[in-house]
Amino acid sequence: MKISTDTTQILQPYPGVYAYYDGRINKRLYSPQPNWLDDGAYGLGTASYAIVDGDEALVYDTHISLEHAQLIRRHIEELGVTKIRVVLSHWHADHIAGNEVFADCEIIALKLTAKAMEDNRQELETREPIISPIVGPNRMFETFMTLNVGTRTVELHHFDIHSADGNVLWLEDEKLLLAGDTVEDTVTYVSEAAHTHKHVLELQRMRNLPVRRILPNHGAPDIIAAGGYGPELIDANRLYLQRLLDPTQRSKAEGQSLKDFIADNTDSAIVYCEPYEVVHRHNIDAIKAAGL
């Protein structure tokens, strides 16, 4: 089934930095039946990114479908790019679904990501919409790597947040963080609940970077287009997790909507988005099931 990209927006928050944003509208893209694309990535809104300098481009995640990946590749090639590298933020479906489109390129990821993709191959190949073939990374690293994209320097940093294989891009000169799913707006998605205490510590470590602006993969398109979020988004995501780890606060959350729960959080970094109500319920259940 061909997936439409008619609702995809190409945003340019900074010179040479492009966001390919789709979703967060009252529409289903793939199927009326429950599926990871409509009920997760598209409903919450998803961006993949490209950093372009001269004839070089670094693509950060290959988006939610082959069609979206084709749009990204077509756009950067129209800009004159002839050398493309891909960096994966982590192994989840909405970040690697378009890898096949870039199979002839260098695809860079953490060793943890390569292992997670292989370990979860059956899930990726059987959940609707399926991802097949699975195209994994062909260049891997442990915790840190530096790349040059034309005249720009991009650092890759491992953070165990959201997923054990979280990998962010740090542009030191611009003090710009491309954060993958390590932070989200409205709230983070708890995918590995047993590691939530570690995620809180890692968010504290991330806060040590002298971040000026953040471009997350899941956020509000108008904020991304305007240059992204301030470093307070890291604090807001950390505070949310800390509150869910507190039995008193978690009990309060169980009896409230997400909208009401975050109203108690005075951090203005959070922007309420209704589809995150389902994420909030999932997060509460996941942390309780993990016995935290």
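Colleague: Which residue in β11 is the bridge partner of W170?

Modeller: The bridge partner of W170 in β11 is L177. Before going on, note that this is a predicted model, in which local features need pLDDT of at least 70 and side-chain atom pairs count only at pLDDT 80 or more, while totals for chains, interfaces and linings use all residues. Residues are numbered from 1 along each chain as its sequence is written, and side-chain values use heavy atoms, with hydrogens and water left out.

Colleague: What are the strands and helices, and when do two strands pair?

Modeller: Strands (E, at least two residues) and helices (H or I, at least four) are DSSP runs numbered from the N terminus. Two strands pair if DSSP finds at least two bridges between them. Strands of a sheet pair through backbone hydrogen bonds, either parallel or antiparallel. Here, five strands form an open sheet in the order β8-β9-β10-β11-β12, with mixed pairing. β8 (144-149) and β12 (213-216) are the edge strands, each pairing on one side only.

Colleague: How many bridges join β8 to β9, and β9 to β10?

Modeller: Six bridges join β8 to β9 (residues 152-158), and these two run antiparallel. Four bridges join β9 to β10, also running antiparallel. L156 shows both pairings: L156 in β9 is the partner of M145, and L169 in β10 is the partner of L156. β10 is then joined to β11 (residues 176-180) by three bridges, again antiparallel. Four residues lie between β10 and β11 in their hairpin, and K175 in the turn has a positive phi of about 55°.

Colleague: Is β10 buried or exposed?

Modeller: Buried means under 20% relative accessible area, exposed means over 50%, and partly exposed lies in between (1.4 Å probe, protein chains only). Five of the five residues of β10 (residues 167-171) are buried, so this strand is largely enclosed by the rest of the structure. Both faces are covered: N167, L169 and L171 are buried on one side, V168 and W170 on the other.

Colleague: Where does D160 lie, and which residues does D160 contact?

Modeller: D160 lies in the loop between β9 and β10 and is buried, at a relative accessible area of 9%. Contact means heavy atoms within 4.5 Å. Leaving aside neighbours within four places in sequence, D160 is in contact with H195, K198, H199 and E202. A polar contact is a pair of N or O atoms within 3.5 Å; within protein, one must be able to donate a hydrogen and the other to accept it, and residues adjacent in sequence count only if both atoms are side-chain atoms. The side chains of D160 and H199 are joined by a polar contact of 3.4 Å.

Colleague: Which residues of helix α1 are buried?

Modeller: Eight of the nine residues of α1 (residues 36-44) are buried: W36, L37, D38, G40, A41, Y42, G43 and L44. They pack against β2 (17-22), β3 (46-53), α3 (93-96) and α11 (276-289). At the N-terminal end, N35 caps α1, with a side-chain oxygen 3.1 Å from the backbone nitrogen of L37. Just after α1, G45 takes a positive phi of about 85°.

Colleague: Where does H75 lie, and which residues does H75 touch?

Modeller: H75 lies in helix α2 (residues 66-78). H75 is buried, with a relative accessible area of 14%. Not counting residues up to four places away in sequence, H75 touches I10, Y18 and Y20.
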